[in-house]
Amino acid sequence: MEIIIQPDSRTASLIASRIIARVVRERTNPALGLATGTTPLLLYKELIRMHREEGLSFVRATTFNLDEYVGLAAGHPSSFHSFMDRNLFDHIDVPRDRIHIPDGLAADLPAFCRDYEEEIRSSGGIDVQVLGIGTEGHIGFNEPSSSLASRTRIKTLTQQTRKDYSGAFGGEENVPYHCLTMGIGTIMDSRICLLLAFGGKKARAVAATCEGPVTAMVPASVLQMHPRAIVVLDREAASELKRAEYYQWVYAHKPDWQKH
Ligand code: GLP
């Protein structure tokens with residue numbers, strides 16, 4: 001695991017944007033795994049800026065989002081679909097027919113999930129998967145106790161997650177109970193996993209992810225088994241890490257050719 005601690009979410013997001021931009025520039029048909037939530041917002045802003053000002057083109061890219069609520073139409077203002085349109089897709093040149101987001105209204109949800117896996121495989125696999133983290137350590141919507149080998153499927157949200165998202169739905173009673181999410185096995189197949197976490201609210205989950213045992217009770221901890229997991233944190237999210245100084249020292253001494 002590479003753990004990068006930055007003074008704030010802005011500089012952390014700039015590092016993440018450079019990792020993604022490199023993949024977009026270097027791969028012939030880059031496949032990007034994308035996430036929702038407040039965490040990747042600055043990253044998406046920077047990618048939009050790079051597109052406008054530096055000619056970073058997504059025209060050869062394919063995207064796969066991690067998850068979506070069951071029962072919400074793509075156009076629902078709280079759907080992850082409309083979040084992605086508003087915060088990224090409406091502002092870059094990724095072709096619409098190469099954007100993949102789980103369909104929470106699919107008539108046959110298990111069949112949809114199987115097809116989603118197949119589409120990821122036939123795109124050549126995800127080059128870089130952006131991840132946020134839930135306060136209980138979830139990635140995508142793989143809540144604690146999710147199988148570490150799971151594939152895209154339907155899941156039930158925890159009470160904590162429903163509470164965390166009540167704001168976006170104008171009250172907890174309006175938050176859906178179910179979602180579709182890439183599985184942990186699906187995420188682990190990505191060539192690079194790029195986990196971002198900002199703010200003190202994430203500090204406990206981050207410490208358990210990076211320094212605790214690998215356990216299904218903290219789904220993000222499985223990233224310890226990934227050959228290229230990069231964790232980018234602001235100071236607050238890193239505040240409960242025991243070896244924070246060591247990670248900063250490692251980053252400060254990275255050889256130039258390895259720098260992001
Ligand atoms: C949701 C998403 C996750 C995301 C998490 C973090 O649960 N399904 O993919 O990582 O939110 O949200 P935020 O970035 O708003 O803290």
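Asp, Glu, Lys and Arg count as charged here, while Ala, Val, Leu, Ile, Met, Phe, Trp, Tyr, Cys and Pro count as nonpolar and the others, Gly among them, as polar. By that sorting, the lining of the second largest pocket has ten charged, five nonpolar and two polar residues. Keep in mind that this is a predicted model.

**The ligand and its neighbours**
- The ligand has 14 residues around it, and the closest are Thr39, Asp67, His138, Tyr165 and Lys202.
- Sorted by class, that shell holds seven polar, five nonpolar and two charged residues.
- Thr39 puts a polar side-chain atom 2.4 Å from an oxygen atom of the ligand.
- His138 has a side-chain N or O atom 2.8 Å from a ligand oxygen, and a polar backbone atom of Gly132 is 3.4 Å from a ligand oxygen.
- On its own the ligand has 390 Å² of accessible area, and the protein covers 94% of it.

**The largest pocket**
- This pocket is the space that the ligand takes up, and its volume is about 690 Å³.
- It is lined by 34 residues, with Thr36, Gly37, Thr38, Thr39 and Tyr165 closest to the centre.
- α2 (41-54), β4 (67-69) and α3 (80-87) each give at least two lining residues, and α3 has the largest share with three.
- The lining splits into 16 nonpolar, 13 polar and five charged residues.

**The second largest pocket**
- Its volume is about 330 Å³.
- Ile19, Arg22, Ile192, Arg228 and His260 are the closest to its centre among 17 lining residues.
- Helix α1 (residues 9-26) supplies the largest share of this lining, five residues.

Definitions and conventions. Residues numbered from 1 in each chain as written. Predicted model: local features only at pLDDT ≥ 70, side-chain atom pairs only at ≥ 80, totals over all residues. Heavy atoms only, no water. Near = heavy atom within 4 Å. Polar contact = N/O pair within 3.5 Å; in protein donor to acceptor, adjacent residues only side chain to side chain. Areas by Shrake-Rupley, 256 points an atom, 1.4 Å probe, with all protein chains shown as cover. 1 Å grid on protein atoms, 1.4 Å probe; cavity = no way out; pocket = protein on both sides within 12 Å on 5 of 7 lines; lining within 4 Å. Sits in = over half its atoms within 2 Å of the grid points. Points joined across faces, edges and corners; volume = space filled by probe spheres on them. Helix = DSSP H or I, 4+ residues; strand = E, 2+ residues; numbered from the N terminus.
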